Amino acid sequence: MGAKRRKEPFPNHRLTFIDFSMLANIIEQIERVLLHMEPQHSVAFLNLSPQWAIEKMQRARFQRTLRLAAERSTFYCEEFKRRGINPRRIEHPSELGDFYTTGEDLRSHGAEAFLTGHADTAFETTGTTSPVPKRVFFSIAELLEMGRASAIGLYHLGMRREDRVLSAYDCSFWVSPAVLRMGLQYLKCFHVEAGKISPPEFYARACHYKPNVIFGEPSWIVRFSELARERGTWPMKLLFGGGENISEQARDAVEQVWGAPLYLSYGQTESFGTLGAECERKDGYHRNDLFFYFETPEVDSEGYGELVYTTLARDVMPLIRYRSTDLTALVEEPCPCGLFARRIAKIRARTDEMVVCGMGNVGPWVFAELLRGVNDHGADWQAVVKHDGGKDVVELCLELNDAGHQSEVEQAVLVSLRERFTDFWKNYEMKLHDFRVVACEPGSLRNGRKLKLVVDQRQMGRGARSEG
Ligand SMILES: [Zn+2]
């Protein structure tokens, strides 16, 4: 097998006279029971749980997940065999050395190669570094468990039964609205799903429900709040954003309009939605250590590295050491808010070239596809994402022989956008972002060997990202 290095092994505790697996079983039963409690009781109980108890449970769940993957998933079975990894000898993720699962593995092998049980439903990531979507399968039981965990987080943010929720989450193949629906079922809130409709239509129809909690993608919430500033607001308890980044400046603007906080969650479709969510301090995301084992195997001098996670509570499609491609740090110091869960620092960047912005999740392939069949420009191009006037601006820089053709080329690219990327076009029409073609001198874009195709120039203070 790979390296045998053990990084931060689960500490052995002095309770050596008790069989560890038995203890872990007891702890897991307790955890299952407390997740069935009302959220306020679970939060109180989990806050009292010692850290070692959570670590014991993680170890037991990790070993069970690893064996399940090795026995039933063709991908893991073959990979472990090829690398000489014996799952029964592995007690901690770091003992897997340089073994990781990547998004490319999911795409090239297909979700079926990862299945270990009967799936009830599936979700997809929308837009990645490749046009091939990643598909992830789940059971209804897993959906319920994730909903319970979300309910605990939302309860901690102050949501209660009397709240009235309106959601603008996009229901098309996206995992977040499904998890939210389950979570609200435990909180027993009144809940209406609008889907991702245009902010003016949402505004007009929201009046009938008078929601005091609104869920949506951050760029959509920004646009909706601008509209509300012009047309009038009503009392709001909180707004909650998932699915993409937001600048602190944009967050402040939203909070000023409503006189209420905007909280963010961080997650990926592969993780089944939420990996972590903000508390009222908005200083990083409280992570879900009950369902995931988080690592940052290679860190810089400031402790930042790519976030890697292993699922601990999934029976249908477990993922072992999945590379998130997000750069962050694990924060072990307790948060002043008092919640038991440790944190993930604000996401600094992506490790690949994909950019999450008001247009959607865009990578180099998106722009290459937009330019397919469009004439009058050079071979080199570069997409620059900026932030201006409260919204993201995507500038596609093209080398044109005649700058006078700029508007013609822009029109042709917009036709491609409308015809080939329905979701991105919808966001453009809703004015969630601006899109323009910028004319450049021939030969001016490439000043090195490799041209960076997508450049994110936004100054991000804090932010969340999730795919799907
Ligand atoms: Zn906190």
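Predicted model: local features only at pLDDT ≥ 70, side-chain atom pairs only at ≥ 80, totals over all residues.
Visitor: What is the volume of the second largest cavity?
Guide: A cavity is a set of points on a 1 Å grid over the protein atoms alone where a 1.4 Å probe fits but cannot get out, and lining residues have an atom within 4 Å of a point. Here 20 residues form the lining, with S219, H387, G390, K391 and D392 nearest the centre. Helix 9 (218-231) and strand 19 (391-399) each supply at least two of the lining residues. The volume, the space filled by probe spheres set on the points, is about 170 Å³.

Visitor: How many of the residues lining the second largest cavity are charged?
Guide: Asp, Glu, Lys and Arg count as charged; Ala, Val, Leu, Ile, Met, Phe, Trp, Tyr, Cys and Pro as nonpolar; the others, Gly among them, as polar. The lining holds seven nonpolar and six polar residues, and the number of charged ones is seven.

Visitor: Which residues lie closest to the centre of the largest cavity?
Guide: The structure holds four cavities of 30 Å³ or more. The largest has about 580 Å³ of space. Of its 41 lining residues, the closest to the centre are A149, S150, G153, T274 and A277.

Visitor: Which helix gives the most to the lining of the largest cavity?
Guide: By class, that lining has 23 nonpolar, 14 polar and four charged residues. With seven residues, the element that gives the most is helix 6.

Visitor: At what angle do helix 6 and helix 7 cross?
Guide: Helix 6 passes helix 7 in a right-handed crossing, a term for the near helix being turned clockwise from the far one by less than a right angle, left-handed being anticlockwise. Axes are lines fitted to C-alpha atoms over the stretch in contact, and angles run from 0 to 180 degrees between N-to-C directions. The two axes come within 7 Å and cross at roughly 65°.

Visitor: How is helix 8 set against helix 9, roughly parallel or oblique?
Guide: The axes of helix 8 (residues 199-206) and helix 9 come within 9 Å and cross at roughly 60°. Angles under 35 degrees count as roughly parallel, over 145 as roughly antiparallel, 65 to 115 as roughly perpendicular and the rest as oblique. With that angle, helix 8 is, relative to helix 9, oblique.

Visitor: Which residues of helix 10 meet helix 9?
Guide: The axes of helix 9 and helix 10 (residues 248-258) come within 9 Å, crossing at roughly 40°, and the crossing is left-handed. Contact means heavy atoms within 4.5 Å. I221, V222, F224, S225, A228 and R229 in helix 9 meet, in helix 10, A250, V254, V257 and W258.

Definitions and conventions
Residues numbered from 1 in each chain as written. Heavy atoms only, no water. 1 Å grid on protein atoms, 1.4 Å probe; cavity = no way out; pocket = protein on both sides within 12 Å on 5 of 7 lines; lining within 4 Å. Helix = DSSP H or I, 4+ residues; strand = E, 2+ residues; numbered from the N terminus.
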